[in-house]
There are 2 protein chains.
Amino acid sequence: VAVLAGGVGAARFLHGLVRLVPAADVTVIGNVGDDLEPYGLHVSPDIDTVLYTLAGLVDDERGWGIRGDSATALEQARALGAEAWFWLGDRDLGMHLARTERLRAGEPLSAATAALTHALGVEVTILPATDDRLRTMLATPDGELDFQTYYVRRQHRDDVLGIRFDGADEARPAPGVLAALAGADVVLVAPSNPFISIGPILAVPGIREALRARAARAVGVSPIVAGRALRGPAAAMLRTLGHAQTPVAVARLYRDFLGALVIDEADAGLAAAIEAEGVRAVVTDAVMRDADARRDVAAAALAAAGFAPVGHAP
Amino acid sequence: VAVLAGGVGAARFLHGLVRLVPAADVTVIGNVGDDLEPYGLHVSPDIDTVLYTLAGLVDDERGWGIRGDSATALEQARALGAEAWFWLGDRDLGMHLARTERLRAGEPLSAATAALTHALGVEVTILPATDDRLRTMLATPDGELDFQTYYVRRQHRDDVLGIRFDGADEARPAPGVLAALAGADVVLVAPSNPFISIGPILAVPGIREALRARAARAVGVSPIVAGRALRGPAAAMLRTLGHAQTPVAVARLYRDFLGALVIDEADAGLAAAIEAEGVRAVVTDAVMRDADARRDVAAAALAAAGFAPVGHAP
């Protein structure tokens, strides 16, 4: 099972998925468009969120970061006049130190990610979409902002008028990405923001083509429920970018490679409109309130792909 | 008062000095030969030791690092497979984050150091000897080692057969260094290792010349007492580099710019040999056991320079 994944929503979905499918059979293709280099350290926020969630370390309240982590280093840096708007816990910082050491030694991000995944005891394969530099840039009324400035520093309050993936043209899929997409029995698109979480993955030349080339079309889970995003600014972005704030827009954005879209019961009335896009609508309770709900959403996605996992009870 | 300074020994001496002279009247010219970039962060161990000591933050037992600091980030990095032989506390790491942020923004090390010094409320001026990259490299029977590999990782157990200051030829004194040396009433050489603490400072073209050009010659404090180093490998280095393990060798190493050398009572018998080098020997209790002893050693150095501080009782 290959899964295109952003951050918190994807991590929770994956957490449900690995209760149904052996973790070793899951490959995550992760977003690197929101990576950043505070103080020169390489931080991969979406991949870290997936990793911390699958490793059982995540701060469940926030959805990201390590539960109970201190922030001694960041507080000291702030006290010394450094910018400190991007939260970095101390244990979290240890992760970034370890990743940065590997990158500085010449390892590609995919190899560094694999080593960190292994060190955390996570059996899921986590592949960054690309080892090359790709950064999500957002056009706003105040000018173009890099992703984290938009999202964290300015708390995604700016209207997004356009999106650009800096470096995408020259980016190549990381080793294993195209093979995973070609060889997977099932490709799932996690309930992540289509523009800023899945968009940067699809922007890597070759990935979207690999999805289109599959005989078994992918199955997505809508991040939009009842006109609102499960998390973050997806609904507002749909609006400012000229789309409907509904799962229909999600189906349309993915229609060239999507076979089915899992939507919430609240949106059951939109099933016909989604099917008019050539995408089958699968209605379920798609809000991942707790661990069981995560599993149930993952089960609905697998079922929509005609894939019935066996032998992996909760 | 300008002071050439290494790490722990110098920091303790300076701690005594600022009880005698207003901190704002003291300029430290600090060693950067042992700077390193673990994980891409810029660490200036000697300057940090001076800073932490003058800010009252230092771990007095070890002589370096911040008292009571945790090492959560480093432990996590180690758990994730990173090299972690260079100790970095969490608050300490905050310092390196703040410094690195400034350097990455294009500030020279001297400006970053000034900002951090100010942020810590330290009134002494601390100048790195140079803003340029200068690294102490040690020839050993196992080949050339960078300073921290020699000192920390291999715990200075290798015989040092030669020393090279990588980058020294192209290094320029940091802004303010030559002016401080030219304008100071008194120049002191702290009780630091002459090879690896003071040596890298003197290796910056122009600094030694500025010391020689002074009318009032500098006053040093011997880091060697009774054939042993107050701290670290100075005595062993004197031996492997072919010098006597005595303050006489220290006097000889500095004789072109030194007017007097403060030595311990244990070495009083060497006074004549030191004076034969053209350096006046000043005998005192030169072991800095506690805060009062630090002050007394600093007072002896000031007195040897003919400088009688007034109005600054302990």
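# Exercises on a two-chain model

Gln155(B) lies in the loop between helix H6 (147–153) and strand E6 (162–166) of chain B. The model is predicted. Work through each task, then check the solution.

**Exercise 1. Place Ala226(A) in chain A and describe its phi.**

Step 1. Find the loop. Ala226(A) sits between strand E9 (224–225) and strand E10 (228–229) of chain A.

Step 2. Read phi. The value is near 55°, again positive in a residue other than glycine.

Step 3. Classify the residue. Ala226(A) has a relative accessible area of 48%. That falls between the 20% and 50% cut-offs, so Ala226(A) is partly exposed.

**Exercise 2. Which parts of chain A does the pair Arg212(A) and Asp256(A) link?**

Step 1. Identify the contact. The side chains of Arg212(A) and Asp256(A) form a salt bridge, with 2.7 Å from N to O.

Step 2. Locate both ends. Arg212(A) belongs to helix H9 (residues 207–212) of chain A, while Asp256(A) is in the loop between helix H11 (247–254) and strand E11 (258–264). They are 44 residues apart, so the pair links distant parts of the chain.

Step 3. Check accessibility. Arg212(A) is partly exposed at 43%. Asp256(A) is partly exposed at 23%.

**Exercise 3. Trace the salt bridge between Arg19(B) and Asp292(B).**

Step 1. Read the distance. It is 3.2 Å, N to O.

Step 2. Locate the partners. Arg19(B) is in the loop between helix H1 (8–17) and strand E2 (27–30) of chain B, and Asp292(B) is in helix H13 (residues 291–304). The two are 273 residues apart.

Step 3. Classify them. Arg19(B) is partly exposed at 22%, and Asp292(B) is partly exposed at 38%.

Step 4. Look at chain A. There, salt bridges that share partners join Arg19(A), Asp292(A), Arg295(A) and Asp296(A) into one network.

**Exercise 4. How many salt bridges are there over all chains, and how many cross the interface of chain B and chain A?**

Step 1. Take the total. The count over all chains is 40 salt bridges. One of them pairs Glu107(B) with Arg102(B) at 2.7 Å.

Step 2. Four residue pairs are in polar contact between chain B and chain A, both residues at pLDDT 80 or more.

**Exercise 5. Describe the side of chain B that touches chain A.**

Step 1. Count the residues. 27 residues of chain B are in contact with 27 residues of chain A.

Step 2. Give the area. The two chains bury about 2400 Å² between them, 67% of it on carbon and sulfur atoms. Tyr39(B), Leu80(B) and Leu97(B) supply 28% of the area that chain B buries against chain A, more than any other three residues.

Step 3. Name the helices. Helix H3 (72–79), helix H4 (90–104) and helix H5 (109–119) of chain B each supply at least two residues of this side. H4(B) gives the largest share, 10 residues.

Step 4. Sort by class. This side of chain B has 14 nonpolar, seven polar and six charged residues.

Notes
Residues are numbered from 1 along each chain as its sequence is written. Chains are lettered from A and ligands numbered from 1 in the order in which they are written. This is a predicted model: local features need pLDDT of at least 70, side-chain atom pairs count only at pLDDT 80 or more; totals for chains, interfaces and linings use all residues. Side-chain values use heavy atoms; hydrogens and water are left out. A salt bridge is a side-chain nitrogen of Lys or Arg within 4 Å of a carboxyl oxygen of Asp or Glu. Helices (H or I, at least four residues) and strands (E, at least two) are DSSP runs, numbered from the N terminus. Buried means under 20% relative accessible area, exposed over 50%, partly exposed in between (1.4 Å probe, protein chains only). Contact means heavy atoms within 4.5 Å. Buried area is the accessible area (1.4 Å probe) that two parts lose on being put together, summed over both. A polar contact is a pair of N or O atoms within 3.5 Å; within protein, one must be able to donate a hydrogen and the other to accept it, and residues adjacent in sequence count only if both atoms are side-chain atoms. Ala, Val, Leu, Ile, Met, Phe, Trp, Tyr, Cys and Pro count as nonpolar, Asp, Glu, Lys and Arg as charged, and the others, Gly among them, as polar.
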